[in-house]
Amino acid sequence: MERLDRVVVERVMERGGWDSMRWLLGAYHRSELREFLERRGRRVLAPRELRFWSWATGVPDPVASSWVHEARERAEKWPA
């Protein structure tokens, strides 16, 4: 995935509305989106978005739960 693609994917996963999310699922293969989650998304997405996109891309629940747990811990360290 090219750098510009990664930026677009991250922004849509973070802030996209339903239409943007559907576009993303149609524009990229789920395996590409899952690879993004494995490489970067799990470190930058908020727990809610991470849970949804893990589900949407077929990440096994134990793995997704671990990522969400890490995201919650990260959020606690950096309160808004």
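Biologist: Is Glu10 buried or exposed?
Modeller: This is a predicted model, in which local features need pLDDT of at least 70 and side-chain atom pairs count only at pLDDT 80 or more, while totals for chains, interfaces and linings use all residues. Residues are numbered from 1 along each chain as its sequence is written, and side-chain values use heavy atoms, with hydrogens and water left out. Buried means under 20% relative accessible area, exposed over 50% and partly exposed in between, with a 1.4 Å probe and protein chains only. Because its relative accessibility is 9%, Glu10 counts as buried.

Biologist: Is Arg40 buried, exposed or partly exposed?
Modeller: The relative accessible area of Arg40 is 32%.

Biologist: How far apart are the closest N and O atoms in the salt bridge of Arg11 with Glu14?
Modeller: Arg11 and Glu14 are three residues apart in helix α1, so about one helical turn separates them. An α-helix has 3.6 residues a turn, so residues three or four places apart point the same way. Both are partly exposed, Arg11 at 43% relative accessibility and Glu14 at 24%. The closest N and O atoms are separated by 3.2 Å.

Biologist: At what angle do helix α3 and helix α4 pack?
Modeller: Two packed helices are described by the angle between their axes and the distance between the axes. Axes are lines fitted to C-alpha atoms, for helices over the stretch in contact, and angles run from 0 to 180 degrees between N-to-C directions. Helix α3 spans residues 30-44 and helix α4 residues 47-57, with axes 9 Å apart. Their packing angle is about 145°.

Biologist: How many residues of the contact of α3 with α4 are charged?
Modeller: Contact means heavy atoms within 4.5 Å. The α3 side supplies Arg30, Leu33, Arg34, Leu37, Gly41 and Arg42, and the α4 side Leu50, Trp53, Ser54, Ala56 and Thr57. Ala, Val, Leu, Ile, Met, Phe, Trp, Tyr, Cys and Pro count as nonpolar, Asp, Glu, Lys and Arg as charged, and the others, Gly among them, as polar. The division is five nonpolar, three polar and, for charged, three.

Biologist: Which backbone oxygen does the side chain of Thr57 reach?
Modeller: Thr57, in helix α4, is buried because its relative accessibility is 7%. Leaving aside neighbours within four places in sequence, Thr57 touches Arg30, Leu33, Arg34 and Leu37. Its side chain comes to 2.7 Å from the backbone oxygen of Trp53.

Biologist: What is the relative accessibility of Ser54?
Modeller: Ser54 also lies in helix α4, and the buried residues of that helix are Pro47, Glu49, Leu50, Trp53, Ser54, Ala56 and Thr57. Their cover includes α1, α2, α3 and α5. Beyond four places in sequence, Ser54 is in contact with Leu37, Val59, Ala64 and Trp67. Ser54 counts as buried because its relative accessibility is 0%.

Biologist: Which residues does Met21 touch, not counting those up to four places away in sequence?
Modeller: Met21 is part of helix α2 (residues 18-27). It counts as buried because its relative accessibility is 15%. The residues it touches are Val12, Gly16, Phe52 and Trp53.

Biologist: Which residue just after α4 takes a positive phi?
Modeller: Pro60 is in the loop between α4 and α5 (61-77), and at 38% relative accessibility Pro60 is partly exposed. The positive phi, about 80°, comes just after α4 and belongs to Gly58.

Notes
Helices (H or I, at least four residues) and strands (E, at least two) are DSSP runs, numbered from the N terminus. A polar contact is a pair of N or O atoms within 3.5 Å; within protein, one must be able to donate a hydrogen and the other to accept it, and residues adjacent in sequence count only if both atoms are side-chain atoms. A salt bridge is a side-chain nitrogen of Lys or Arg within 4 Å of a carboxyl oxygen of Asp or Glu.
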